[in-house]
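Please keep the structure in view while reading them.

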Amino acid sequence: MLRRAPGLSASEFADIWREANGPLVASVQTDLDIVRYLQIHPDPARQGIDTMAAEARGGMLQPFDGIAEYWWKSADALGAALSSTAGASAAELLVTSERRFVDLAASPLWMATEYPQVATSLTRPVARTRSNVMRLHFALRPPEHLGETEARRYWLEEHGPLIRSHSPARGLIAYNQVHRRDHPLASAFTTPRGTTAPPFLGHAESWFERPAGTRPLAETQAAMDAAIEDERQFIDFSASTILVGKEFVFVDREWAQ
């Protein structure tokens, strides 16, 4: 999750990230054995959905300037790539590029495992710029009294089934839970970047069509209210954040898995 470097405007940050850094990542995909890489940029036509979502939860952290996601076949594949001469050189090249536009210390990063919950298609959805599909990214932290182990269990075993049961009412195209995976390889990313921002427990991600009206239907609102009420059981809203955005896919080699 990215915070832009001091002195850069939002548009300057987005331009450098999309036009320079994105193609650079694509150019080293083989050296780093990257299976998939995408950027999530704030959707300019998000209609205040992220702001309303934060207000409905009593206030949340300021949204990040963007989100970068990398996929590898496995931790072993990632480790092998980073251990190679070409992979190590490529990883260093990316950090150098990121310093141009990212506040690296303030940009938390972590490794994670994906748990699909809702899917209306066999193909992975993409919130492309010229489509009506939007992607909501909800990075969350648990309240201190609960702890991460119980928060993970509740999120997966209790909250997941609730969202699945309400997915038709909410018009979800897809919904995944992505849980942080504490792994020694994470330091290969945080150390060279000087990351000091703490990681999140993980994030929930959902894809949906852009709302047609300004107010949701009664059934949709009831489902949203039920979800928020249940989130209170395992999420510290004041330490969590939501971003509604569009996706730019630069690497997609999932077929190679």
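1. The largest nonpolar core has 28 residues, and those with the most contacts inside it are L32, I34, L78 and F101. A nonpolar core here is a set of buried Ala, Val, Leu, Ile, Met, Phe, Trp, Tyr and Cys residues joined through side-chain atoms within 4.5 Å, where buried means under 20% relative accessible area, exposed over 50% and partly exposed in between, with a 1.4 Å probe and protein chains only. The elements giving two or more residues to this core are α1 (10-27), α3 (75-83) and α4 (85-98), and α1 gives the most, with six residues. Helices (H or I, at least four residues) and strands (E, at least two) are DSSP runs, numbered from the N terminus.

2. Before going further, please note that this is a predicted model, in which local features need pLDDT of at least 70 and side-chain atom pairs count only at pLDDT 80 or more, while totals for chains, interfaces and linings use all residues. Residues are numbered from 1 along each chain as its sequence is written, and side-chain values use heavy atoms, with hydrogens and water left out.

3. Leaving aside its neighbours within four places in sequence, L32 is in contact (heavy atoms within 4.5 Å) with W72, A81, L82, G87, A90, A91 and L94. A second, separate core of 25 residues includes A54, M134, Y154 and L172.

4. Strand β5 (residues 172-180) has eight of its nine residues buried, so it is largely enclosed by the rest of the structure. Two strands pair if DSSP finds at least two bridges between them; β5 pairs with strand β3 (residues 112-119) in the antiparallel sense over seven bridges, with A119 standing opposite A174 in β5. Seven bridges also join β5 to strand β6 (residues 202-209), again antiparallel, and here L172 stands opposite F208 in β6.

5. Helix α5 (residues 148-170) and helix α7 (residues 218-231) pack at an angle of about 170 degrees, with their axes 9 Å apart. The axes are lines fitted to C-alpha atoms, for helices over the stretch in contact, and angles run from 0 to 180 degrees between N-to-C directions. The two helices, α5 and α7, are therefore roughly antiparallel to each other, a label given to angles over 145 degrees, whereas those under 35 count as roughly parallel, 65 to 115 as roughly perpendicular and the rest as oblique. Among the residues making the contact are Y154 and L162 of α5 and A223 and M224 of α7.

6. E55 has its place in helix α2 (residues 49-56) and, at 59% relative accessibility, counts as exposed.
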